[in-house]
Amino acid sequence: MADLAKIVEDLSALTVLEAAELSKLLEEKWGVSAAAPVAMAMPAGGGAAPAEAAEEQTEFTVVLIDGGDKKINVIKEVRGVRSDLGLKEAKDLVEGAPQNVVENVSKQAADEVAKKLTEAGAKVQIK
């Protein structure tokens, strides 16, 4: 049991890129796809409750609700998360809140982005 706890702890420390790479390596090693069990489980479930459908959400959006008092720190974090934005675009995004920061990302990626922005002083929401 201690080994399983250690594995869980190690997996929790992975970055989004490391988790994606791990998923790819496991798929190659065992010849399976992470999407296959979900697709197979859905028909077997038959009349799935609405609560189950909500739990199976795979794409999330991080919405910046408010830039907070430390907008410069939030702008820096937005630029770190969204490398496609320049300084002006990141500033406009923060000042134009509420706005989507990232869209259609995994739960883990959304949590990481939300954590970074919250630590910088922003108010965020994950949808």
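Visitor: What is the strand order in the open sheet?
Guide: The order is S2-S1-S3, 3 strands with antiparallel pairing. Strands pair if DSSP finds at least two bridges between them. Strands here are DSSP runs of E, at least two residues, and helices are runs of H or I, at least four residues, numbered from the N terminus.

Visitor: Which are the edge strands?
Guide: S2 and S3 (123-126), since each pairs on one side only. The twist averages 20° from one strand to the next.

Visitor: Where do these values come from?
Guide: This is a predicted model: local features need pLDDT of at least 70, side-chain atom pairs count only at pLDDT 80 or more, and totals for chains, interfaces and linings use all residues. Residues are numbered from 1 along each chain as its sequence is written, and side-chain values use heavy atoms, with hydrogens and water left out.

Visitor: How many bridges join S1 to S2?
Guide: 4, and the two strands run antiparallel. Phe 60 stands opposite Val 105 in S2.

Visitor: Is Thr 61 buried or exposed?
Guide: Thr 61 is buried, with a relative accessible area of 15%. Buried means under 20%, exposed over 50%, partly exposed in between (1.4 Å probe, protein chains only). Thr 61 is found in strand S1. Leaving aside neighbours within four places in sequence, its contacts include Val 102, Asn 104 and Ile 126. Contact means heavy atoms within 4.5 Å.

Visitor: On to helices. Which residues of H6 are buried?
Guide: In H6 (residues 87-95), they are Ala 90, Leu 93 and Val 94. Seen down the axis, they fall within an arc of 95°, so they line one face of the helix. That arc is taken from the directions from the helix axis to the C-beta atoms.

Visitor: What covers them?
Guide: The cover includes strand S1 (60-66), helix H5 (71-81) and strand S2 (99-105). Ala 90 has a relative accessible area of 0%. Not counting residues up to four places away in sequence, Ala 90 touches Ile 75, Val 78, Arg 79 and Leu 85.

Visitor: And at what angle do H5 and H7 pack?
Guide: About 160°, with axes 8 Å apart; H7 is residues 107-119. Axes are lines fitted to C-alpha atoms, for helices over the stretch in contact, and angles run from 0 to 180 degrees between N-to-C directions. That makes H5 roughly antiparallel to H7. Angles over 145 degrees count as roughly antiparallel, under 35 as roughly parallel, 65 to 115 as roughly perpendicular and the rest as oblique.

Visitor: Which residues make the contact?
Guide: From H5, Val 74, Glu 77, Val 78 and Val 81; from H7, Val 113, Lys 116 and Leu 117.
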